[in-house]
Amino acid sequence: MERSNQSTKNHSKTTKWSISLFVLILFLLLSCKDDGASHLAAGIQSCYDLFNDGNWDEAIEICTDAGTDETLHIAAQAYMARSGVSLFTIMLDLSDSTMDPSKTMFDKIPNTAAKRSDYNKALSIIMDDIEFITEDMYLESLILSGLLVFDQLKDLLTLEWDSTNDLFTTCADSSSCSYAPDATNDGTDDILLFTGLGSTFYTNICGDSSSDAYNNVDLGEGFNRDGTVFKCTIQSDSLLDYNKIAVNEYYAGGSTEIKDAMLPFKFYENMDQGGNVSEDVGAPINTVYFCDDAIPLYTPEPTSDDLKLSDCEILSYLTNPGF
Amino acid sequence: MNKKILLSLYFILLFHTAFAIEYRRQFQDYRSLGMGNTGIASANNSATLFYNPAALANITDGWVDIPAIQATYSPEASAIYAEIQKGGFLETTEDQLAFMEEYMGKKIYVQVDAGINAFINLDKKGTTIGGNYMVERILDFDIQNPALPEIAGFERYDQMKLVGFSYPIGLGQFVLGLGAQTLIRKERSYVFTTTQALAGEAFPSIALTDVADGSSDTGTGYDVGFLFRFASPYRVVLAGVWRSGISMDEATDIPPEAALGFTMAHEFGPFKWVMAIDVRDLTQEQGSEGDKSWARRIHGGMEFAMFPTSDLNYLLTVRGGYNQGYKSLGAEFRLGNSLVIGVAQFSEEVGEFAGDKENKRTAAYVSLGF
């Protein structure tokens with residue numbers, strides 16, 4: 001009887017111990033999860049999952065860390081998505097034949113510093129970090145660089161959309177552009193005054209800026225020229241450099257319909273046309289060119305596709321920007 | 001609308017699609033799933049041959065299921081049902097776009113297993129033979145890519161015939177199990193994008209009992225397993241199995257698998273407590289390249305059964321466990337072998353590591369038999 005009781009006690013004890021041990025193991029198992037991605041495929045998958053879930057901030061971080069072309073492209077798309085744009089939504093809007101393509105793009109211009117930063121980062125990832133850039137990536141770069149240049153022109157021109165007449169209005173329409181040349185008389189001489197487009201515009205689109213100052217340059221007949229012409233040399237990794245490359249690559253193939261819609265956004269090609277700008281100051285001087293080889297120390301006459309821009313080319317371009 | 005602009009994106013905006021990262025194992029049953037998907041040592045029902053043929057020795061009676069049906073589905077699966085109720089599946093552009101918008105980032109999973117099973121124990125010592133004839137239909141949709149929404153679809157139809165036996169060796173502590181399987185597999189995967197929807201293309205037609213236009217193949221495989229039954233009143237069992245896998249030319253292979261399991265059972269009065277731990281895929285063949293996660297391969301669980309109707313069967317059972325980093329729960333009502341109703345709620349890891357991307361699922365089972 002005693003042996004039986006002892007056996008029962010042992011049995012009960014063993015049962016308690018074994019159940020306790022098992023529950024402990026199960027409890028440990030429940031906390032047994034991986035800390036994170038430990039292999040490349042895991043990083044890639046996490047990138048896609050975060051992107052699919054609309055978790056842009058984390059997607060950008062994880063996708064950038066994963067570092068493959070495909071995840072870097074997702075990171076770029078996440079930057080764009082965070083700012084409210086995607087290639088698809090832009091294409092969807094462009095597909096609306098009742099909308100002017102330029103107006104469609106005008107609506108996508110980044111309107112905050114954070115959005116500008118995201119557009120720039122997305123563009124930089126595609127153009128600088130991705131090794132094998134595909135056609136759709138070039139299209140995205142064309143659009144991003146185009147929107148960022150468009151943003152600069154919007155400020156420069158005080159560009160607005162007149163929904164009543166379905167057209168863009170600019171400061172030129174009301175003769176209120178800050179850069180407009182002015183012919184004045186200082187009591188002794190007639191003076192053609194031009195203060196230029198400023199350095200910020202060039203720095204933002206070229207990554208470079210310089211200027212030539214014209215101080216009382218005698219044009220003869222009691223007529224002087226005064227002021228400043230700004231200029232730049234387009235740097236690699238600048239907006240216009242990206243725009244140039246993206247246009248060249250996409251237009252080498254690409255869809256005819258998209259290429260037609262994107263014509264106004266070939267900013268490099270449209271701006272670096274070698275156009276000059278002049279002001280008619282009347283007889284006997286008549287036409288005065290702002291960039292003039294006759295004044296060799298100053299900004300020379302522009303030539304096309306030389307990766308150099310000046311106020312002359314830009315003002316010439318602005319007479320017919322295509323939008 | 002100038003659709004040409006959209007259609008020009010048709011071929012260039014392709015998104016990454018990975019279907020291989022989920023461990024797609026053949027028929028995993030409600031009991032095992034409720035116990036954290038353990039069964040290498042503890043299986044004792046109609047799904048035993050899908051875990052370890054040697055575990056047939058756990059079966060101490062015999063039965064025939066006509067039929068056995070299990071439906072496994074994720075919470076969003078009702079969306080598919082709702083679409084079918086409309087008279088078709090994503091038949092209009094509006095339905096397609098609304099579906100993509102509503103379920104962006106979701107995984108919709110439906111799996112139905114149906115078949116007949118027969119098992120019989122011959123000597124109460126562990127000699128058991130059994131077989132399954134089952135069909136398994138999987139519909140799996142990932143709605144992805146917010147930049148250009150798309151539905152990545154995966155469909156599979158498996159027809160599985162399994163036979164196996166267990167045989168105790170020596171004094172009966174060691175049990176050897178052998179199993180064989182023939183498999184007919186049809187499957188296809190596709191990506192249906194927003195641009196296709198806007199172009200008015202039809203969503204791939206889905207037949208519930210077949211995979212249209214899919215790749216098809218046939219293969220065979222075998223399993224070798226063992227049990228070591230310790231001399232203990234607590235039915236302590238150590239088990240292992242080697243599954244050869246099945247090679248396919250046209251469809252997806254089933255990778256080979258080695259696994260170990262451990263189980264113990266306590267019986268007291270009208271109750272029984274079963275505990276089990278499995279370590280699956282010891283050679284790490286499943287998942288994507290570089291997936292060495294043990295947390296995804298360790299399973300643990302237990303069940304608490306009440307009111308026995310035979311040595312093997314209990315009227316009510318509740319279960320709980322751990323599966324790939326997530327908890328699982330289950331319950332069962334059983335009237336002998338004539339009616340079995342079981343349910344399990346569990347999570348499947350559909351990401352790349354345990355705790356990465358959880359897909360909650362429910363498995364509901366019913367069988368009639370004798």
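**Close-up views of a predicted model**

**View 1. Asp166(A) sits in the loop between strand S1 (160–162) and strand S2 (167–169) of chain A.** Strands here are DSSP runs (E) of at least two residues, and helices are runs (H or I) of at least four, both numbered from the N terminus. This is a predicted model, in which local features need pLDDT of at least 70, side-chain atom pairs count only at pLDDT 80 or more, and totals for chains, interfaces and linings use all residues. Residues are numbered from 1 along each chain as its sequence is written, while chains are lettered from A and ligands numbered from 1 in the order in which they are written. Although Asp166(A) is not a glycine, its phi is positive, about 55°. Asp166(A) is exposed, with 10 other C-beta atoms within 10 Å (exposed means 12 or fewer such atoms, buried 20 or more, partly exposed in between, with C-beta atoms placed from the backbone).

**View 2. Asp281(B) lies in the loop between strand S9 (271–279) and strand S10 (298–308) of chain B.** Here too is a residue other than glycine with a positive phi, near 50°. Asp281(B) counts as buried, having 21 C-beta neighbours inside 10 Å.

**View 3. A cis peptide bond links Ile66(B) to Pro67(B).** Its omega is about -5°. Pro67(B) belongs to strand S1 (residues 62–73) of chain B. For background, most peptide bonds are trans.
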